[in-house]
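Visitor: Could you take me through the reading of a structure, one feature at a time?

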Amino acid sequence: MRKRLDDLTKNSAMLFIILMASSAINYLFQIVMGKLLGPAEYGTINSLLSLVNIVSVPTGLLSVLASKYSTHFLSLGRPGDAVTWNYSLFKISFWLALATLVVGTALSSPVANMLQLDNVWLVVLCFAVVTICYLSPVLMGTLQGTKRFASYGLVNVVSSAAKLLFSVVFIYLGLRVSGAVLAVALSAVCMFLFEYGILRNFLRTPREKHLSIERQEIRRYVISAFAIQLGLALLSNGDILLVKAFSTNAVDVGLYASGMVIGRIPLYLVTAIVAVLFPLVAERAAKQQSTIGLFYKATVYSALSAIAFSLFLIFLGEPVVRLMFGANYAAAAPLFLPICCLTLTVAMLTVEIQYFLALGKTKTLTISLLVGFAAVWFVVNFWHSTIPQMLYGMSSVLAAVFCFNFLCAIRLDRTPVPM
């Protein structure tokens, strides 16, 4: 047990260091966009990128499936099955990408109205970007499932750097918001090429003709995992969409976006933690060993990082936002307290979601998330006179969801494993 906990600490620290480079580039992207576009257009670009992330939920599901079952097959000494499984996921990616483009184009007009956007073609472009993003998730999950954590981190660095470079070029060419969105598509292409270069030898492993796997188990897992991936996307991006939908001032949306970008810095550490946590939990679960210690440690790391950074922002938030975005965004400073409350709940709930996903025990979690997000919509729909009011309402509901599932995790670990 102690060895595995050390693996979590060591690999999380290593991946965190690499992801810090990616995070720095992503923050530079946000700062550059804020200064080049101004508060109103900056709020629009963040809303559109959040839309891309939410519509991309199936790509996250593909990544999870690639990671979980690559780990599963490799831990059982069946690399041929792992490669066969991933090639099956590639075929599914193609059809999902095609469906996203067709359905998304049809729904672009109502989505633009919901987000108070005058240009419907921006929404069409977002769905086209998601289509291109289907190139890389299977390979990304395979990197994680085969425990290539350094490569997993470097892929994120490549993607972030490409996004920043292309966005600056396109904005200077006069494409403005659409150029920043298009840069995301090109960064996905660069990401795919880098991933394939790393995994090409693994993908040449002789494939098994008949994949030995329980299809009913897969079907149940896919349904729950999809709902949970949607939950993760809403956790990471739903707040900006709700603010965009209910706020009557475009500048306020831009101010919130700048504060949110700074306030969510601890989530980059959480990303490193859960990237390592997932395959470790999946491996121990396959061997029917206890995993609750991993969950406790990951939760504590995430919570402490969020709390420490929150205290820093509460006292020094205004000079930080002035330094990063300029005086035009200084009015975002009073939003840091509610933003940090939301970040803390999102951090802990993210760890919890990935833990249950790795275990394959997702039924109760899925139901609680669906109820929780419905409650968030209800609360914000009735109480949205100010942005802090919306954020405190979201935080309260999500904290209740976390506490409920935390108790379920403790009870689950104490349940005897059937022999």
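Guide: We will go from the overall fold to a pocket and then to the cysteines. This is a predicted model, in which local features need pLDDT of at least 70 and side-chain atom pairs count only at pLDDT 80 or more, while totals for chains, interfaces and linings use all residues. Residues are numbered from 1 along each chain as its sequence is written, and side-chain values use heavy atoms, with hydrogens and water left out.

Visitor: How many helices and strands does the protein chain have?

Guide: Helices (H or I, at least four residues) and strands (E, at least two) are DSSP runs, numbered from the N terminus. The protein chain has 14 helices and zero strands.

Visitor: What radius of gyration would a compact globule with 419 residues have, and what does the protein chain have?

Guide: The radius of gyration is taken over C-alpha atoms, and the globule rule is 2.2 Å times the number of residues to the power 0.38. For 419 residues the rule gives a value near 22 Å, and the 21 Å of the protein chain agrees with it. The C-alpha trace spans about 60 × 40 × 35 Å along its principal axes. Of the 419 residues, 57% count as buried, where buried means under 20% relative accessible area, exposed over 50% and partly exposed in between, with a 1.4 Å probe and protein chains only.

Visitor: Which residues lie closest to the centre of the second largest pocket?

Guide: On a 1 Å grid over the protein atoms alone, a pocket is an open set of points where a 1.4 Å probe fits, with protein on both sides within 12 Å along at least five of seven lines, and lining residues have an atom within 4 Å of a point. Grid points are joined across faces, edges and corners, and a volume is the space filled by probe spheres set on the points. The second largest pocket holds about 430 Å³; of its 19 lining residues, Ile54, Leu234, Gly238, Leu242 and Trp377 are the closest to its centre. Helix 8 (215-246) is one of the helices that supply at least two lining residues, and its seven are the largest share.

Visitor: How many disulfides are there?

Guide: A disulfide is a covalent bond between the sulfur atoms of two cysteines. With the criterion of a pair of cysteine sulfur atoms within 2.5 Å, the count is zero. For Cys341 the nearest cysteine sulfur, that of Cys340, is 7.2 Å away, and Cys341 is partly exposed at 30% relative accessibility. For Cys403 the nearest cysteine sulfur, that of Cys408, is 11 Å away.
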